[in-house]
Amino acid sequence: MDRESAERWKAMLRAMESEEAKEGAAAAAAAVEEAEEVDLSALNKKERRRLERFHLEIGDVLELDKGRRGILHFVGRVEEISSGKELLFGVELLDKATGKHNGTVHGTTYFQCPPKRGCFLKSPQIRKRVARS
């Protein structure tokens, strides 16, 4: 993990810890209930059940395939990738700048992140949710 990513990761964890300490358990539970979950209805039944257990939300930190970690920024169809037929997950990679873009594909911005940090993944590439946003 490069220094910039490590600093962003540490800052995010510190912010989450301080937020939880301030709000208390009751307020945190209420915030989780109010948060909008990701719509997984377009996936096949098996994948939908697997990902529903994670209760994914935009901003969650995910563990991905190949030992990578990233922040979930987008869920939906991307016309420029696979003709918009598959549900894709737009992720900002935290470990290394091994992505393909900055959240913009062929002039359409789906999310924003630093250059070479963004990628779109299929559902089997998501292993688990590491931290709530």
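In which sense do strand 2 and strand 3 pair, and over how many bridges? I noted before looking that the model is predicted, and I then found that strand 2 and strand 3, the latter covering residues 87–93, pair in the antiparallel sense over seven bridges. Within this pairing I looked up Leu72, which stands opposite Val91 in strand 3. I reminded myself that strands of a sheet pair through backbone hydrogen bonds, either parallel or antiparallel.

Next I turned to strand 1, residues 61–64, and saw that it pairs with strand 2, residues 69–77, in the antiparallel sense over three bridges. Here Leu62 stands opposite Gly70 in strand 2, while Glu63 stands opposite Arg69 in strand 2. Strand 1 and strand 2 form a hairpin with four residues between the strands, and in this hairpin Lys66 takes a positive phi near 60°.

Last, I looked at the sheet as a whole, where five strands form an open sheet in the order 6-3-2-1-7, with antiparallel pairing. Which strands stand at the edges? I found strand 6 (118–121) and strand 7 (126–131) there, and because each has a single partner strand, one side of each is left without a neighbour in the sheet. I also wrote down that the twist averages 45° from one strand to the next.

Conventions:
Residues numbered from 1 in each chain as written. Predicted model: local features only at pLDDT ≥ 70, side-chain atom pairs only at ≥ 80, totals over all residues. Heavy atoms only, no water. Pairing = 2+ DSSP bridges. Helix = DSSP H or I, 4+ residues; strand = E, 2+ residues; numbered from the N terminus. Axes fitted to C-alpha atoms, helices over the stretch in contact; angles between N-to-C directions.
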